[in-house]
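This report looks at charged side chains and how they pair. Please keep the sequence and the structure in view while reading.

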Amino acid sequence: MNIGSFVWNVFNGVLRFGTIVRMDLNVSGWVYCSVVWHDDEVYRRATGAAVPERLYRVDELNLVKESKFEELADINPEALLVDGLNEAVIGFGHQFTSAPVAIYDYDKCIEIFMRDNDWDYEEAMEWMQFNVIGAYMGA
């Protein structure tokens, strides 16, 4: 990690992304980082009005990987991905008590099904509803 590195952290149950803006070595040998968190409104609402700036020990931060799929595997190794729809993944999301999962662009999924299977819109939408959205993947 260096100044300018893009990092993530789960703090108080909220997944946050930010950029390291300062790094300091303290007397005990630990490196502490100052992070500017991006789009941090969810965290601010969850923790109260003012969020004091704090330094994060380097082992409290995780480097964002080059691939969003590597990133998701690090955050949630049990996350499921839909075969053939990687290009429709737009990011990650999670509810307060659950691990992050892949978030798909619904319209992009329909386009992929239409393109790859030579289906019309109705066929692709029916497949998406029944086999993706309605799929039972276990408890």
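Salt bridges that share partners link Glu-111 into one network with Glu-87, Lys-108, Arg-115 and Asp-116, where a salt bridge is a side-chain nitrogen of Lys or Arg within 4 Å of a carboxyl oxygen of Asp or Glu.

The model is predicted, so that local features need pLDDT of at least 70 and side-chain atom pairs count only at pLDDT 80 or more, while totals for chains, interfaces and linings use all residues. Residues are numbered from 1 along each chain as its sequence is written, and side-chain values use heavy atoms, with hydrogens and water left out.

## Pairs within the network

Lys-108, partly exposed at 26% relative accessible area, meets Glu-111 in a salt bridge with an N to O distance of 4.0 Å. Arg-115 forms a salt bridge with Asp-116, their closest N and O atoms being 2.8 Å apart, and Asp-116 is partly exposed at 48% relative accessibility.

## Arg-57 and Asp-59

Another salt bridge joins the side chains of Arg-57 and Asp-59, at 2.7 Å from N to O. Arg-57 is partly exposed at 27% relative accessibility, and Asp-59 is likewise partly exposed, with a relative accessible area of 44%.

## Total count

By the salt-bridge rule, the count comes to seven.

Notes:
Buried < 20%, exposed > 50% of the residue type's maximum accessible area, 1.4 Å probe, protein only.
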